[in-house]
Amino acid sequence: MAFQYESLVGHLFVVNGRTLASPPPGALIEVAPKNASRGREADTLYVLVLPSGQPAASLFYEQLAEMAAERYFNSSGSVTAGLRAMYDLINRNLLDHNKAGGRVYEVNMMCAVLHDRNLILSRCGLGMAVLKNGDQTLYFPTDPLNETDVVFGPPLGVQGLPDVRLKQFRVQPGARLVMADADLADADRAEVAAAMTADDVSAMLMQMKNLLVRQITAIGVELISPEEPEDPFMPEGSNSKRVLESPLPEEKQVDRVDIAPGAGTQLIDTITDTRDRAQIGMSAAAKGVARGAEVTNGLIDHYLSEEDDSERWWSGPLGIAAAISIPVLVVGLVIVMWLLNIGQSEYEACVSQAFDTATLARGISSSDPNGTLSAWNAVLLKVNECDTLRPEGIPDQPMRDLQREGQTVVDTLLNIDRREAIPVASFPSAQLSQVILRGLTMYTLDDNNDIVYKIELTGDGRSLAPNTMEPIPNMRRGAPVQQFTVDDIIDIAWAEDGSALSQGNVLIALDANGVLVEHSPTILVRGVQRLLGTENWVAPVAIQVWRGNLYVLDPGANQIWRYSPTGGSYQGAPTEYFAGQGRPNITRAVDFAIDENGVVYLLYGDGNMGKYRSGENENFDFTMFPPGQEMGTSTQFHFSTSPISQYMYITSQPNRTVYKVTHAGTFVRSYRTFDEDQFASVTDVIVDPSQQLVYTLSGNTVFVYSEE
């Protein structure tokens, strides 16, 4: 996918009235790296990490910005899902650090993503953005002086659920963006609008500086078409990260590992410290051996020199003994060095550490399940590290045996069921995001290319029937459907009730402009209509149909839009599902479902779920999860209403797991594959209760595994 726009970038960093030449420490602009996840290849990410509370060293903010960029470009799913995953990671790392004691860190953070011709702004904590798009000057948040409860939100590192605000814009060539700290809210709006029209990015930022002479931290961006001439603000295909020559801060740097808190984290720190001390010791030993070799060489040169044959002593007994002992000493030094692991390759050192960690894990008492779990998680982490270092031709069976041992212990403690996942079908250059199953017919949405595919399964449901993979012509980006053109597809759903459609039992797809397209698997009638009220949408992510009503989940607008049938179509504007003063905060919702009674189940990205009847909250909690097995993060879910399968199946991409729970939230099972890389990009899930098969989407592939 080609880049729609290129970015001209500038920075502004004013502290106590003094303009600093260096970019702000937490400012980072990065285009998609070569290994970016599908759907991210043409994205540009703008990050601004800002201090909150006690300031930290500059390197701290730079590392957070780099961590955020890495998480976003390695994530999958929609842009908003990637942004939320990014904020979750930063927030979780800050919380883990703060809980450990010592100095407490909090940060404000603003991010923007340029995706195709869309600019998605996001913010957590204090911050403000201004966008000049055509003749409009827009603000995010809209009115910071009046909406103080929105502007002054909690920063990252304070609460378990980060309060992320999102806004999406369709940008034109020449659009300009300024992301800054909250000080920008104090500037006069007319003067800010005038600054946004300056001759170039540098002039724009200088005018901003004149508005706020004492303090401001900002990134300025201008979006131009690739064919236009550009200023050399940023090399093509790189990022704005500066090469740091300053030393690390005095605080101890340890390897951070996302495993269960407790003994595991302490164990990793211990291993890291031990490794560092061992490397220092080996380095000193090597230097000592080298110095010894120099001395030995000097002695040999002195005593065995040919300058004076008359003074040779080595022909006598003493010389013979020396000639024998020197090689013996050298061999002895080599053996000692080998025993001390001096001269090991990086892979050999890693393997040694993995087995040492396993020895420690085996020694933990069975009465300490948390310590055992953390220790074996550390082993698995080390095994994965060694895999990346293993040279070609070196057998890996010992490490596979160690991995299986650790995996078995962890699975037993966490009540995890391993399954052999079978690939059913793979789609070209796809990022599958949604799946619908009707008998042996499956529909999948490729979010990367915005195409809906139809496939037929064999009778056993475990493989693809030959020559049955086909894209649905009217459900793809750019497809002409009557007087409409299909844009990016938000979601697909099955509509049994056709009260507002051309017929019932059809597949529907909704695009970002509100165009609703139908596909009938039996006849050639193809309905299409455009929904009203789309100007109020912010970032819709999913749709559902219940008794003819169409529901659109829009976390960005903190609302579910409900379209009711009128005269055989959705003619009217939508109503708000949540109304009144007590409406919930659903800005972190990632998916939803509606049961046969009209009860709405909302899944949040942090692994929690809300239950609502007619917009009113009903208490819902997940229960009976084994210790350490709580979801923590969630991606999407399938709500099965089959009489023989009254369960919910929830995917967690970071955990590479599918959780099975009852409709009441009681834990039943959690499934992982033997090859966990298969679920590295897991998104949606659906079940065939009649054959007890579970289908999952991951990357460009549909996998199936048996529940029994």
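Helix 9 (residues 369–389) and helix 10 pack at an angle of about 150°, with axes 9 Å apart, where helices are DSSP runs of H or I with at least four residues and strands are runs of E with at least two, both numbered from the N terminus. Axes here are lines fitted to C-alpha atoms, for helices over the stretch in contact, and angles run from 0 to 180 degrees between N-to-C directions. Helix 9 and helix 10 are therefore roughly antiparallel to each other, a label given to angles over 145 degrees, while those under 35 count as roughly parallel, 65 to 115 as roughly perpendicular and the rest as oblique. Helix 10 (residues 397–414) also meets helix 8 (residues 346–362), their axes coming within 11 Å and crossing at roughly 30°, and helix 8 and helix 10 are therefore roughly parallel to each other. The crossing is left-handed for helix 9 and helix 10, and also left-handed for helix 8 and helix 10; left-handed says that the near helix is turned anticlockwise from the far one by less than a right angle, and right-handed that it is turned clockwise.

The model is predicted, local features need pLDDT of at least 70, side-chain atom pairs count only at pLDDT 80 or more, and totals for chains, interfaces and linings use all residues. Residues are numbered from 1 along each chain as its sequence is written, and side-chain values use heavy atoms, with hydrogens and water left out.

In one, four strands follow the order 20-21-22-23 with antiparallel pairing, two strands being paired if DSSP finds at least two bridges between them. Strand 20 and strand 23 (528–530) are at the edges with a single partner strand each, so one side of each has no neighbour in the sheet, and the twist averages 20° from one strand to the next. Strand 20 and strand 21 (residues 506–511) are joined by six bridges in the antiparallel sense, and Ala495 has Val506 in strand 21 as its bridge partner.

The other open sheet has four strands in the order 24-25-26-27, again with antiparallel pairing. Its edges are strand 24 and strand 27 (575–576), each with a single partner strand, so one side of each is left without a neighbour in the sheet. Two bridges join strand 26 (residues 559–563) to the antiparallel strand 27, and Trp561 stands opposite Glu576 in that strand.

Strand 20 (489–495) and strand 24 (542–546) are among the elements that give two or more residues to the lining of the second largest pocket. This pocket is lined by 37 residues, of which Arg438, Gln544, His638, Phe639 and Thr641 lie nearest its centre. The lining divides into 20 nonpolar, seven polar and 10 charged residues. A pocket is an open set of points, on a 1 Å grid over the protein atoms alone, with protein on both sides within 12 Å along at least five of seven lines, and lining residues have an atom within 4 Å of a point. Ala, Val, Leu, Ile, Met, Phe, Trp, Tyr, Cys and Pro count as nonpolar, Asp, Glu, Lys and Arg as charged, and the others, Gly among them, as polar.

Most residues other than glycine have a negative phi, and most peptide bonds are trans.

| Residue | Phi |
|---|---|
| Asp116 | about 60° |
| Asn558 | near 55° |

Asp116 is in the loop between strand 5 (106–115) and strand 6 (118–124), and Asn558 is in the loop between strand 25 (549–554) and strand 26. A cis peptide bond joins Phe140 and Pro141.

Conventions. On a 1 Å grid over the protein atoms alone, a cavity is a set of points where a 1.4 Å probe fits but cannot get out, and a pocket is an open set with protein on both sides within 12 Å along at least five of seven lines; lining residues have an atom within 4 Å of a point.
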